[in-house]
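Subject: Structure for you, plus notes on the sheets

Hi,

Here is the structure I promised to pass on. Have a look at it first, and then read my notes on the strands and helices below.

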Amino acid sequence: MLPWVVRRTRLPLLSSRCVDCGSESATTGEGRFRVNANGKLLDVWLLVRCVSCDRTGKVPVHERAPVRSFDPAELHGYRVNDPELVASRLLDPLLARRNRFTLDWTGAWRLEAPSPRLDAAWPVQVEVVFEDPVPVRPDRLIAQGLGLSRSEVLRRIKSEISLRRPTSTGFTFTVLPGG
């Protein structure tokens, strides 16, 4: 079985309208949080920047949360702008839904796929693993990995999942010999 891995190369862009210029894309840049204390309550925002006009905006992560409700390691991560914490908050579907943004993964991932040996016995089985929840259509991913057209992928690939519906979870497929 051949292992394929879908890896994130950078954080995805946020698809969210800018209040100044109306652009639809924003970025987290290097990933920074703003932590604001108000008595014993904390506000935590993820700072984002419009890709068109450079305006800085805030995505609320926690609002008016008691300081005691935070794990000390998590609170430290917010204060030092921990890159893993930035990524986990940005990729959190609940945060995206609550703040009405979607993620644009265009150019933010790569496929690491060893080329199948042409002298290998057919059929060839491939296991695809996702390190991050990158939504991709399996037919496009397989076409890219094998260098086939999408119509040939639909003809030669057998899988338990729909090849035309985006997925961000691992799956396996079988490549049948061409004919």
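Before the details, a word on terms: I call two strands paired if DSSP finds at least two bridges between them. Helices (H or I, at least four residues) and strands (E, at least two) are DSSP runs, numbered from the N terminus.

Keep in mind that this is a predicted model, where local features need pLDDT of at least 70 and side-chain atom pairs count only at pLDDT 80 or more, while totals for chains, interfaces and linings use all residues. Residues are numbered from 1 along each chain as its sequence is written, and side-chain values use heavy atoms, with hydrogens and water left out.

**The mixed sheet**

Five strands make up an open sheet, ordered β7-β1-β8-β10-β9, and the pairing is mixed. At its edges sit β7 (109–112) and β9 (157–159), each pairing on one side only. From one strand to the next the twist averages 25°; for such angles, axes are lines fitted to C-alpha atoms (for helices over the stretch in contact), and values run from 0 to 180 degrees between N-to-C directions.

β1 (residues 2–8) is antiparallel to β7, with four bridges between them. Contact here means heavy atoms within 4.5 Å.

**The antiparallel sheet**

There is also an open sheet of five strands in the order β5-β4-β3-β2-β6, with antiparallel pairing. Its edge strands are β5 (56–66) and β6 (102–104), each of which pairs on one side only. Here the twist averages 40° from one strand to the next.

Two bridges join β2 (residues 13–15) to β3 (residues 25–38), again antiparallel. S15 lies opposite S25 in β3, and L14 is opposite A26 in that strand. Helix α2 (residues 83–90) packs on the sheet, touching β2, β3, β4, β5 and β6, and its direction makes about 105° with that of β3.

And how many bridges join β3 to β4? Nine, and the two strands run antiparallel. F33 stands opposite L46 in β4. The two strands form a hairpin with two residues between them, and G39 in the turn has a positive phi of about 70°.

Cheers
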